[in-house]
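Please read it alongside the sequence and the model.

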Amino acid sequence: MKKMLALVVLSLGLIGCSEKPKTYVCGDDTAEVTRDYIKFVKGKHAGDIIDGISDNKYKLFTPFGFAYYTVNENTIDITLGTVHHTLTCEVK
């Protein structure tokens, strides 16, 4: 019984320590950003999830190749081949 209780307490502790996403509002699009992913929750790209590859860097496979996302303090930079686009966002 003590082992079971210790396991429950440990599990709750790990859940409480998980990273909470930052919300980036970029015009009509809203994204939740963590170290592991970017998830668009509102707007034209709602439902899209982009995998993290390192600190503040993310990669998405598209029909045109890989798109790389870099998250900064209040911008998200998107690069696909030679095309570069910057989204200016409000961070909440």
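Rings of Phe, Tyr and Trp (the six-membered ring of the latter) are taken to pair if their centres lie within 6.5 Å, and a pair counts as stacked with planes under 30 degrees apart, as edge-to-face over 60 and as tilted for the rest. By this rule there are two aromatic pairs, and Phe-61, Phe-66 and Tyr-68 form one aromatic cluster.

The model is a predicted one, in which local features need pLDDT of at least 70 and side-chain atom pairs count only at pLDDT 80 or more, while totals for chains, interfaces and linings use all residues. Residues are numbered from 1 along each chain as its sequence is written, and side-chain values use heavy atoms, with hydrogens and water left out.

| Ring pair | Centre distance | Plane angle | Class |
|---|---|---|---|
| Phe-61 and Phe-66 | 5.3 Å | 65° | edge-to-face |
| Phe-66 and Tyr-68 | 6.4 Å | 40° | tilted |

Relative accessible area is classed as buried under 20%, exposed over 50% and partly exposed in between, with a 1.4 Å probe and protein chains only. On this scale Phe-61 is exposed at 61%, whereas Phe-66 is partly exposed at 37% and Tyr-68 is partly exposed at 38%. Lys-59 lies over the face of Phe-66, at 4.6 Å from the ring centre; a charge is placed over a ring if NZ of Lys or CZ of Arg is within 6 Å of the ring centre and within 35 degrees of the ring normal.

As for the chain as a whole, one helix and nine strands are present, where helices (H or I, at least four residues) and strands (E, at least two) are DSSP runs numbered from the N terminus. Of the 92 residues, 23% count as buried.

Strand E2 (residues 29–33) has four of its five residues buried, so E2 is largely enclosed by the rest of the structure. Pairing of two strands requires at least two DSSP bridges between them. Strand E1 (residues 22–26) runs antiparallel to E2 and is joined to it by five bridges, with Val-33 of E2 as the bridge partner of Lys-22. The hairpin of E1 and E2 has two residues between the strands, and Gly-27 in the turn has a positive phi of about 65°. E2 also pairs in the antiparallel sense with strand E3 (residues 37–42), over four bridges; here Thr-30 stands opposite Lys-42, and a hairpin through three residues joins E2 to E3.
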